[in-house]
Amino acid sequence: MIRTLLSNAYQCLGWRMILLFLLLLLSGVFEGLGLTMLFPLLAKFGMGDSTGAGGPLAAIQSILNFFHVPDQFGVLLVITIGLMYLQVMFTFAKGWMETECQTRYTNYWQRNLFDHFIDAGWAFFTGERAANRVNAIMVDSGRISAAFYVVVQIATCTVFILVYALISLFSSWKMVLFLSGFGAAIYASVRPLSRKTRRIGEEVTTVSEDLQHRTTEFMHNAKLIKATATEPMAVRLFAQAAERFRRIYLAAGIMPKLIVAIYMLCGYTILGVGLWLAVVHFKVNPAAVVVAIYIFLRLYMQLTNLQQFRQGFLLSAPALPAAMRQLDHARSLRETMNNGKALPEGPAGIVLDRVSVNYGPTQALDEVSLEVAAGEMAGITGPSGAGKSTLVDVMVGLVKKEKGSIEIDGTPIEEISLRDWRRSIGYVGQETLLLNGTVAENLTWGNDVARSIVEEAAKTANAHDFIMDLPNGYDTEIGDRGARLSGGQRQRLGLARALVGGKRLLILDEATSALDAESEHQILKALERLRGKVTILMVAHRLATLSLADTILLFDKGRIVESGSWAELTEQKGLFDRLRQLQSTSL
Ligand SMILES: Nc1ncnc2c1ncn2[C@@H]1O[C@H](COP(=O)(O)OP(=O)(O)OP(=O)(O)O)[C@@H](O)[C@H]1O
Ligand SMILES: [Mg+2]
């Protein structure tokens with residue numbers, strides 16, 4: 001796992017990661033040098049031989065002689081402190097680089113995930129809970145870089161441990177051996193706990209996804225919950241998810257502390273036994289014991305840290321495979337947008353030949369053939385679940401067909417540039433999607449469009465007047481998902497947005513269903529003005545909405561059951577006529 005993480009981090013960080021490890025090594029080396037200088041310093045007080053450091057002392061002194069360093073206490077002290085200053089500097093530089101790398105790595109994963117998600121096909125979005133994707137970006141990206149941070153800390157500890165081990169090897173190899181034996185024993189004894197920590201780490205992802213899911217679900221449905229006084233249900237379900245979240249973080253928080261406690265208990269035991277052996281059995285000089293304890297404590301602190309960081313790694317590292325799975329899933333459903341042929345200008349012509357679409361076992365379209373000529377206004381109607389929206393989705397290229405062929409302006413849909421095609425479509429769906437922002441921002445969606453064009457579109461969509469009545473006109477904030485507007489106003493904004501820019505195909509999927517008769521009439525008049533300039537596909541349950549259509553297609557159970565002009569269909573005296581009569585009497 002560490003290797004995957006490091007190679008992944010290297011892809012993002014490059015030379016920064018190398019610099020970081022270099023600084024880490026340097027801070028370790030200078031820690032060692034500073035400590036080593038303690039030997040000649042102590043020797044000034046006659047402790048040199050008593051520490052058992054005769055060998056290294058001689059070596060250090062010959063190095064100091066080589067550089068003509070006077071063997072005076074003051075000079076040695078200045079050198080020692082200087083080395084320690086350098087160690088602090090390198091540690092600071094390392095800390096800086098660490099933060100730089102960590103923030104960069106989080107940002108890399110956030111963007112990497114978002115970019116892949118947004119490039120995936122529609123099936124990716126209908127497949128999995130949105131909360132899992134939000135969680136991957138908001139939580140797991142941070143956990144991945146936390147895992148990287150922890151790996152750097154582990155490397156730091158390892159370097160320091162090696163440095164201390166090296167120094168204590170100089171003073172007493174017996175002590176090193178003794179410590180290593182104990183270290184190995186403790187390591188083995190906490191292994192089962194490590195396995196548990198890893199499991200907790202894996203669970204953190206699911207639990208946090210659940211909480212994310214509950215939160216967004218209830219916030220999105222706040223109106224329904226308030227209106228039906230179902231707050232207790234929401235509170236109960238949310239409390240359950242929050243409780244699971246608390247428990248898992250409780251376990252995750254306790255594990256490293258438990259490990260530290262075990263380590264400290266063992267450490268004091270070693271210290272006690274070691275002191276007793278040294279003083280009573282081996283009759284070691286007390287001064288040597290003081291140095292040994294000093295090194296031992298520093299070494300042991302690093303060992304404890306190492307274990308704690310290892311636990312931290314086990315807790316956060318499972319975020320990496322989880323995020324990678326999401327990334328691969330998004331990649332496997334990726335759409336190729338740009339490769340195809342560019343399309344001509346002017347209204348689009350569409351031909352479907354025996355097109356079938358399945359959603360798992362559900363057959364949504366069953367060998368549908370139809371032709372919508374360039375500039376035609378086609379109406380589509382039929383009962384709920386008949387496949388009307390699916391027909392629209394398959395034309396836009398959102399849903400993949402199982403069988404048959406779709407041609408746009410005579411070119412198979414597989415061969416055209418999907419990006420060009422979709423950009424040329426004005427789409428107003430069953431639910432109008434608005435962003436938190438101003439009216440104007442919602443009409444242009446970040447594109448640089450002249451205000452006059454925006455107003456023209458709003459006028460056509462019969463939205464200009466109500467927009468001008470808003471407190472700040474086109475610059476009025478419309479609230480979260482347009483919450484400060486009425487349903488009909490939202491739909492008219494959606495329509496206005498669909499009309500901004502030169503469109504070749506206008507799709508209205510129940511776009512006028514939330515409008516009163518007068519507003520709908522205004523929009524139909526607007527569509528009448530667009531007739532011939534753009535191909536129009538209008539899905540509606542209310543048959544009167546389709547009275548202007550050149551052709552009407554009646555869908556049922558994924559098939560076209562009747563088609564023709566209003567007059568032709570009425571004459572056929574079939575299902576269409578029955579529905580028409582039913583609707584006119586019920587009005
Ligand atoms: N993403 C999906 N996954 C699985 N099944 C789906 C999906 N979308 C639609 N369906 C199913 O496909 C069938 C056709 O759905 P579609 O949305 O095309 O109907 P519709 O005619 O637009 O209905 P309505 O008038 O209610 O909007 C329905 O049985 C529906 O349950
Ligand atoms: Mg529909």
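These legends accompany several close-up views of a predicted model.

The model is predicted: local features need pLDDT of at least 70, side-chain atom pairs count only at pLDDT 80 or more, and totals for chains, interfaces and linings use all residues. Residues are numbered from 1 along each chain as its sequence is written, chains are lettered from A and ligands numbered from 1 in the order in which they are written, and side-chain values use heavy atoms, with hydrogens and water left out.

**View 1. The two domains of the protein chain.**
Domain 1 covers 2–332. Domain 2 covers 350–586. These bounds come from an automatic or database domain assignment. The C-alpha centres of the two domains lie 56 Å apart.

**View 2. The shell around ligand 1.**
Ligand 1 is surrounded by 14 residues. A residue is near a molecule if one of its heavy atoms lies within 4 Å of it. The closest are Ser 384, Gly 385, Lys 388, Thr 390 and Gln 430. By type, the shell holds four nonpolar residues, nine polar and one charged. Here Ala, Val, Leu, Ile, Met, Phe, Trp, Tyr, Cys and Pro count as nonpolar, Asp, Glu, Lys and Arg as charged, and the others, Gly among them, as polar. Strand 2 (362–372) and helix 13 (388–396) each supply at least two shell residues. Helix 13 gives the most, with three. Helices (H or I, at least four residues) and strands (E, at least two) are DSSP runs, numbered from the N terminus.

**View 3. Polar atoms facing the oxygens of ligand 1.**
A polar side-chain atom of Thr 390 lies 2.5 Å from a ligand oxygen. For His 541, a polar side-chain atom lies 3.1 Å from an oxygen of ligand 1. Ala 386 uses its backbone instead: an N or O atom there lies 3.2 Å from a ligand oxygen. The protein covers 65% of the 630 Å² of accessible area that ligand 1 has on its own. Accessible areas come from the Shrake-Rupley method with a 1.4 Å probe; for residues, only the protein chains shown count as cover.

The side chains of Arg 531 and Asp 550 meet in a salt bridge, 2.6 Å from N to O. The term means a side-chain nitrogen of Lys or Arg within 4 Å of a carboxyl oxygen of Asp or Glu. Arg 531 is partly exposed, at 27% relative accessibility. Asp 550 is also partly exposed, at 34%. Buried means under 20% relative accessible area, exposed over 50%, and partly exposed in between (1.4 Å probe, protein chains only).

Asp 577 pairs with Lys 573 at 3.9 Å, N to O. Asp 577 is buried, at 3%, whereas Lys 573 is exposed, at 59%. Shared partners join Arg 16, Glu 100 and Arg 104 into one salt-bridge network. Lys 226 bridges to Glu 231, with the closest N and O atoms 3.0 Å apart.

**View 4. Lys 257 in helix 10.**
Helix 10 spans residues 231–281. Lys 257 is exposed, at 59% relative accessibility. Lys 257 and Gln 311 are 54 residues apart in sequence, yet their C-alpha atoms are 9.5 Å apart in space.

Methods: Polar contact = N/O pair within 3.5 Å; in protein donor to acceptor, adjacent residues only side chain to side chain.
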